[in-house]
Amino acid sequence: MAKYSDNEKSAIVSLLIEMINVDNVISLKEMDEINVINRDLNITEEVFLLGKALDFNYSVELVKHMSDEKKLEVAKYITRIIDADGVVKDVEIQLLNDICHRTGLDIILSD
């Protein structure tokens, strides 16, 4: 697992929260999964609150400037949120595609 700065961690939190909220249904399984990810990344309460307050577009820009390795890990975290409740909705896939496109991850994956 890559090492992330607090700013990078807050951007990840922001994107995960956006994914949880995109379908207007917040499931307990999604909340459990974000808590596991937060523990895995050693997200402090301060970093979580910063991520919660970050603008989505700013968070995407922060991820855009991460290394390819980190971008791939971020995509995996987002996918874990999508899969957490066992229901994959079109809006979730659209948001994932948008994040991948705007961060350059789609190009990395196609190489």
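This briefing walks through the overall build of the protein chain and then takes a closer look at helix 1. The model is predicted. You will find 7 helices and 0 strands in the protein chain, and the pattern along the sequence reads α-α-α-α-α-α-α. With a radius of gyration of 13 Å, close to the 13 Å that the globule rule gives for 111 residues, the protein chain is as compact as a globular protein of that length.

**Overall dimensions and packing**
- The C-alpha trace spans about 35 × 30 × 25 Å along its principal axes.
- Buried residues make up 46% of the 111 in the protein chain.
- If we take contacts between residues at least 6 apart in sequence, 82% of them join residues at least 24 apart.

**Surface and charge**
- The protein chain has an accessible surface of about 6,200 Å², and carbon and sulfur atoms account for 52% of this.
- Side chains with a charge number 12 positive and 22 negative, with 3 Å between the centres of the two sets.

**A closer look at helix 1**
- Helix 1 covers residues 6-21, and its 16 residues reach 22 Å from first C-alpha to last, close to the 22 Å expected at 1.5 Å a residue.
- Because 12 of its 16 residues are buried, helix 1 is largely enclosed by the rest of the structure.
- Among the buried residues of helix 1 are Ile12, Val13, Leu15, Leu16, Ile17, Met19 and Ile20, and Glu8 and Lys9 are also on that list.
- The cover over these buried residues includes helix 2 (28-40), helix 3 (45-53), helix 4 (56-64), helix 5 (68-84) and helix 6 (90-103).

Technical notes
Residues are numbered from 1 along each chain as its sequence is written. This is a predicted model: local features need pLDDT of at least 70, side-chain atom pairs count only at pLDDT 80 or more; totals for chains, interfaces and linings use all residues. Side-chain values use heavy atoms; hydrogens and water are left out. Helices (H or I, at least four residues) and strands (E, at least two) are DSSP runs, numbered from the N terminus. The radius of gyration is taken over C-alpha atoms; the globule rule is 2.2 Å times the number of residues to the power 0.38. Buried means under 20% relative accessible area, exposed over 50%, partly exposed in between (1.4 Å probe, protein chains only). Contact means heavy atoms within 4.5 Å. Accessible areas come from the Shrake-Rupley method with a 1.4 Å probe; for residues, only the protein chains shown count as cover. Lys and Arg count as positive and Asp and Glu as negative; His and the chain ends are not counted. The place of a charge is taken as NZ of Lys, CZ of Arg, CG of Asp or CD of Glu. The expected span of a helix is 1.5 Å times one less than its number of residues.
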